[in-house]
Amino acid sequence: MIEVNNLEKTFDKKTNVLKGISLTIHDGEKIAIIGPSGSGKSTFLRCLNCMDDPTGGQILYNGVDIADPKVDINFYRRKMSMVFQQFNLFNNKTVLDNIMLAPLYFGMKARKANNKSKSQVKAEVKAKALYLLEKIGLTDKANVYPSKLSGGQKQRVAIVRALAMDPDVMLFDEPTSALDPEMVGEVLSVMKQLAATGMTMVIVTHEMGFAKEVADRVLFIDEGVIMEEGTPKEIFENPKTARLRDFLSKVL
């Protein structure tokens, strides 16, 4: 589905964060990305859907180089939804409005081509948003503002908001790092349910147990390069490099 070729990212023309990463992501694959803070993990994720523009290399999405400035990146961003560390919900909008905002915008733009009225589009978007809320057990929070939610509830809503766009790929940037420990489980549970549906997922995470359980492949990124990759069993039980062994000794 996604082929990354020699991806580079430099900030301020001097800080070389990504140093030639190449990777193929297959349809339905779950990839966990681990590594120390400042290693380039989140930058790599943000470059995947060009939230950060790569300095060099290619990102081929079904054969189209989305890093090419001539490509309509907004079209492809809709296919790669991202869930952030800090939720990024709009505090002046209800939970339901947060989920409906993007699909309603794009639905209205396409309504004439789809021969639908504004009321039809809104009704369909609302029905889907309520269905997704039901799936995560938060239907009763539909008309609540984010300030009234726990951190775990906010992140579950953020996941649903991303799903509402019908993405082909879900990108998760350390989705549990801002949560209190007792709230981590409820978010990981939703992500496990999502993984079981066959969704393609790329997850930057510090949750090693989750990576072991859910990932098809684990990447260890350090100093802007993929130092090691393999199955969870290979990475966690038989690390090949001293750097990965040292990292795992501190986090396991």
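Trainee: In which sense do strand β7 and strand β8 pair?
Mentor: This is a predicted model. In it, β7 (residues 169-173) and β8 (residues 200-204) pair in the parallel sense. D173 stands opposite V204 in β8.

Trainee: What makes β7 and β8 count as paired?
Mentor: Pairing requires at least two bridges between the strands.

Trainee: Why are β6 and β10 said to stand at the edges?
Mentor: The open sheet of 6 strands runs in the order β6-β7-β8-β3-β9-β10, with mixed pairing. β6 (80-83) and β10 (225-230) each have a single partner strand, so one side of each has no neighbour in the sheet. From one strand to the next, the twist averages 20 degrees.

Trainee: Why is α5 called roughly parallel to α6?
Mentor: The angle between helix α5 (residues 151-163) and helix α6 (residues 181-196) is about 20 degrees, and their axes are 8 Å apart. Angles under 35 degrees count as roughly parallel, so the label applies to α5 and α6. Their crossing is right-handed.

Trainee: Which residues of α5 and α6 meet?
Mentor: Among them are I159 and L163 in α5, and V187, V190 and L194 in α6. By class, the contact has 7 nonpolar, 4 polar and 2 charged residues.

Trainee: How does α5 run relative to β6?
Mentor: α5 lies across β6 and β7, at about 170 degrees to β6.

Definitions and conventions. Residues are numbered from 1 along each chain as its sequence is written. This is a predicted model: local features need pLDDT of at least 70, side-chain atom pairs count only at pLDDT 80 or more; totals for chains, interfaces and linings use all residues. Side-chain values use heavy atoms; hydrogens and water are left out. Axes are lines fitted to C-alpha atoms, for helices over the stretch in contact, and angles run from 0 to 180 degrees between N-to-C directions. Helices (H or I, at least four residues) and strands (E, at least two) are DSSP runs, numbered from the N terminus. Angles under 35 degrees count as roughly parallel, over 145 as roughly antiparallel, 65 to 115 as roughly perpendicular and the rest as oblique. A crossing is left-handed if the near helix is turned anticlockwise from the far one by less than a right angle, and right-handed if clockwise. Contact means heavy atoms within 4.5 Å. Ala, Val, Leu, Ile, Met, Phe, Trp, Tyr, Cys and Pro count as nonpolar, Asp, Glu, Lys and Arg as charged, and the others, Gly among them, as polar.
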